[in-house]
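Please look through the model that follows, with the sequence at hand.

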Amino acid sequence: MLSIDEKYSLALDARLNSYSPYSNFKVGALCILENDTVIKGCNIENMSYGLTNCAERSAIFNTISQGFNYKDIKEIVIIADTEKPVSPCGACRQVMAEFLKPSTIVTMFNLNKETRVCSVKDLIPFAFTSGDLHE
């Protein structure tokens, strides 16, 4: 099991890979699997901001594209240079609602090591899920 300091350090390391020449808002993220495997992600911008991929989605998509089972993600960790611990955007919250269990832990940091921890369910209490789709 990773300590809070290890999570902070690994997320900070993931943040270093950020490609954010337009906003200079660097974000790092980790997916931590049940066996403590760590998959990193960072934000990758595009000059038409709508095509930017956030760090959280990068970490989740990296988990899947590297052949790991997204159902094994037990925690997602996010870090950015924000006043309070960084909070995921709406798009990332929706992706979390689809790929992560409601009980999955979400750990949010800022660069001052301030931390906020909650579950996906607490972060997204009324998430849009497959049960909301009609045939």
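In which segment does His134 lie? His134 lies in the segment after α4, where helices (H or I, at least four residues) and strands (E, at least two) are DSSP runs, numbered from the N terminus. This is a predicted model, in which local features need pLDDT of at least 70 and side-chain atom pairs count only at pLDDT 80 or more, while totals for chains, interfaces and linings use all residues. Residues are numbered from 1 along each chain as its sequence is written, and side-chain values use heavy atoms, with hydrogens and water left out.

His134 counts as exposed because its relative accessibility is 76%; the classes are buried for under 20% relative accessible area, exposed for over 50% and partly exposed in between, computed with a 1.4 Å probe on protein chains only. Asn17 belongs to the loop between α1 and β1 (27-33), and with a relative accessibility of 55% it counts as exposed.

The loops also hold residues with a positive phi. Asp36, found in the loop between β1 and β2, has a positive phi of about 70 degrees although it is not a glycine, and its relative accessibility of 25% makes it partly exposed. In the loop between β4 and β5 (115-119) lies Lys113, again a residue other than glycine, with a positive phi near 70 degrees; Lys113 is partly exposed, its relative accessible area being 40%. A glycine, Gly67, follows α2 and has a positive phi near 90 degrees.

Thr104, in the loop between α3 and β4, is buried, with a relative accessible area of 1%. When its neighbours within four places in sequence are left aside, Thr104 is in contact (heavy atoms within 4.5 Å) with Ile73, Lys74, Glu75, Ile76, Cys118, Ser119 and Val120.

The next topic is the helices α2 and α3. In α2, the buried residues include Ala55, Glu56, Arg57, Ser58, Ala59, Ile60 and Thr63, and the buried residues of this helix pack against β1, β2 (38-42), β3 and α3. In α3, Cys92, Val95, Met96 and Ala97 are the buried residues, and the partners against which they pack are α2, β3, β4 and α4 (120-123).

Two packed helices are described by the angle between their axes and the distance between the axes. For α2 and α3 the angle is about 30 degrees and the axes are 9 Å apart, where axes are lines fitted to C-alpha atoms, for helices over the stretch in contact, and angles run from 0 to 180 degrees between N-to-C directions. That makes α2 roughly parallel to α3, since angles under 35 degrees count as roughly parallel, over 145 as roughly antiparallel, 65 to 115 as roughly perpendicular and the rest as oblique. The contact is formed by Glu56, Arg57, Ile60, Phe61 and Ile64 on the side of α2, and by Ala91, Cys92, Val95, Met96 and Phe99 on the side of α3. By class, these contact residues are eight nonpolar, no polar and two charged, where Ala, Val, Leu, Ile, Met, Phe, Trp, Tyr, Cys and Pro count as nonpolar, Asp, Glu, Lys and Arg as charged, and the others, Gly among them, as polar.

How many aromatic pairs does the structure hold? It holds three, where rings of Phe, Tyr and Trp (its six-membered ring) pair if their centres lie within 6.5 Å, and planes under 30 degrees apart count as stacked, over 60 as edge-to-face and the rest as tilted. The rings of Tyr8 and Phe109 have centres 5.3 Å apart and planes at 80 degrees, so this pair is edge-to-face. It links distant parts of the chain, with Tyr8 in helix α1 (residues 4-15) and Phe109 in strand β4 (residues 105-110), 101 residues apart, and both Tyr8 and Phe109 are buried.

The pair of Tyr70 and Phe99 is edge-to-face because the ring centres are 5.1 Å apart and the planes stand at 85 degrees. Here too distant parts of the chain are linked, Tyr70 lying in the loop between α2 (55-65) and β3 (73-80) and Phe99 in helix α3 (residues 90-99), 29 residues apart. Tyr70 counts as partly exposed, at 28% relative accessibility, and ring pairs link Phe61, Tyr70 and Phe99 into a cluster.
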